[in-house]
Amino acid sequence: MAVKENFLPGKVGLAPMAGVTDYPFRKICFEHGAQFGFTEMISAKSVLLNISVNEVYFPREDEKYLVGVQLFGADPVELAEAAALVQERGLWVDLNAGCPVAKVVKRGAGSALLKDIGHLKMVVREMRKVVKRLSVKTRIGWEKDEFEKIYDALVSEGVDVIFVHGRTAKQMYSGKAKWDIYNPGVVPFYISGDIYSKDDIRRAMELSNVDGVIVARGAIGNPWIFSDSQPSIEERLKVILKHIDLLYQEYGKHGVVEFRKFVAGYTKDMPHAREFRNKVMKITDVAELKAAFVEYFKNISAQHKQEVV
Ligand SMILES: Cc1cc2nc3c(=O)[nH]c(=O)nc-3n(C[C@H](O)[C@H](O)[C@H](O)COP(=O)(O)O)c2cc1C
């Protein structure tokens, strides 16, 4: 275990996902046992230009002590100033040093920070001056695995926690994520990548002797990855309806469109899921969407009962 004290409230958290880990989804995951989470990544530049346009991303009162605010950017001073402004909004501030998406990398942000470790160190140094609790979420390298160098650089600048996705930036999401990662145990250390089940959580934790893991895609439509039990059909439906309601409260009518990201996950391995998904992806009305799920689950339930009898 790490020498530095860990401010995170647990071993298994929800990883940041832009466009996915909004307040409604975080709430669903916390209710199922996720022990902490992140905001979606927020641009430091945009925080400095107009903090209020980012209000939708910041942690809400009821989750304030569970959520870290993730910032992305390239400029050390800009990142430090933005971090100082937002740090009281959540439990901690996380620097995104792992996003491989072209429009982020083009600006020298996200995983582009790994191209020049000297620059990454400068960014962390400036942020460290003002941030009380600081983590970095990174990858194992830009185009080759040089995680030892990255880890040592981050530790030398005094970060409190490291999160690492076990792929290089160049790999994007291809290949298998590495779980057996350099971890000399100086700071609390969490890994990410290809964690789709309870068993994956356990094995990934054993392999790197880490303090914990963060789950990303494996939680989409499957918040039960955080809990100890598999949902019954009724429970699954209840959570789906609640998620739709939360999205409606958050985004109004647009919540129906937002929910589409979760449909495949919530209906994974279910009978006639393909036809059902094709149907619900076209629905634009919230009542109609909920009714479609109720009907679909009623049929599955009836079928299930028949099979049992
Ligand atoms: C849709 C999507 C959005 C993501 N957005 C972010 C982000 O905003 N910040 C970040 O650090 N990582 C982001 N990631 C990376 C995840 O946090 C995670 O490290 C990666 O998906 C590997 O974990 P997984 O295999 O469990 O999905 C994103 C991943 C996905 C799939």
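I count a residue as buried when its relative accessible area is under 20%, and as exposed when that area is over 50%. I am working on a predicted model.

**Entry 1: helix 6**

I looked up which residues of helix 6, residues 147-156, are buried. They are Phe147, Ile150, Tyr151, Ala153 and Leu154. I then looked down the axis of helix 6: the buried residues fall within an arc of 165°, so they line one face of the helix. An α-helix has 3.6 residues a turn, so residues three or four places apart point the same way.

What covers the buried residues of helix 6? I found helix 5 (117-130) and strand 6 (134-141) among the elements that do. Strand 7 (161-168) and strand 8 (189-192) are also included in the cover. After helix 6 comes Gly158, and I noted its positive phi, near 85°.

**Entry 2: the ligand**

I went through the residues around the ligand, 16 in number. Pro16, Gln70, Ser192, Asp194 and Arg217 come nearest.

Next I checked polar atoms. Asn96 places a polar side-chain atom 3.3 Å from a ligand nitrogen. Met41 has a backbone N or O atom 3.5 Å from an oxygen atom of the ligand. For Ala216, a polar backbone atom is 3.3 Å from a ligand oxygen. On its own the ligand has 610 Å² of accessible area, and the protein covers 88% of that.

**Entry 3: Cys99**

I checked the UniProt record, an unreviewed entry, for "active site". I located Cys99 in the loop between strand 5 (92-97) and helix 4 (102-105).

Is Cys99 buried or exposed? Its relative accessibility is 9%, and the cut-off for buried is under 20%, so Cys99 counts as buried. I listed its contacts, leaving out residues up to four places away in sequence. Cys99 touches Met41, Val104, Val105, Ala109, Gly110 and Ser111. Met41 is in my ligand entry too, through its backbone atom 3.5 Å from a ligand oxygen.

Over residues 14-298 I noted 41% helix and 14% strand. The end C-alpha atoms of this stretch are 31 Å apart.

**Entry 4: Arg167**

I found Arg167 in strand 7. Strand 7 is among the elements covering the buried residues of helix 6. Arg167 has 1% relative accessibility, so it counts as buried.

Where does the side chain of Arg167 reach? It reaches the backbone oxygen of Gly175, at 2.8 Å. With residues up to four places away in sequence left out, the contacts of Arg167 include Arg139, Ile140, Gly141, Met172, Tyr173 and Ser174. Asp194 and Arg217 are also among the residues that Arg167 touches. I had already written down Asp194 and Arg217 as residues that come nearest to the ligand.

**Entry 5: positive phi values**

Most residues other than glycine have a negative phi. I looked up two residues that go the other way. Asn209 is not a glycine, yet its phi is positive, about 50°. Asn209 lies in the loop between helix 7 (198-208) and strand 9 (212-215).

Asp269 is not a glycine either, and its phi is positive at about 60°. I placed Asp269 in the loop between helix 9 (255-266) and helix 10 (273-280). Asp269 has a relative accessible area of 71%, so I logged it as exposed.

Terms used
Residues are numbered from 1 along each chain as its sequence is written. This is a predicted model: local features need pLDDT of at least 70, side-chain atom pairs count only at pLDDT 80 or more; totals for chains, interfaces and linings use all residues. Side-chain values use heavy atoms; hydrogens and water are left out. Buried means under 20% relative accessible area, exposed over 50%, partly exposed in between (1.4 Å probe, protein chains only). Helices (H or I, at least four residues) and strands (E, at least two) are DSSP runs, numbered from the N terminus. The arc is that of the directions from the helix axis to the C-beta atoms. Contact means heavy atoms within 4.5 Å. A residue is near a molecule or strand if one of its heavy atoms lies within 4 Å of it. A polar contact is a pair of N or O atoms within 3.5 Å; within protein, one must be able to donate a hydrogen and the other to accept it, and residues adjacent in sequence count only if both atoms are side-chain atoms. Accessible areas come from the Shrake-Rupley method with a 1.4 Å probe; for residues, only the protein chains shown count as cover. UniProt positions are given in the numbering used here, feature names are shortened, and annotations may be inferred rather than shown by experiment.
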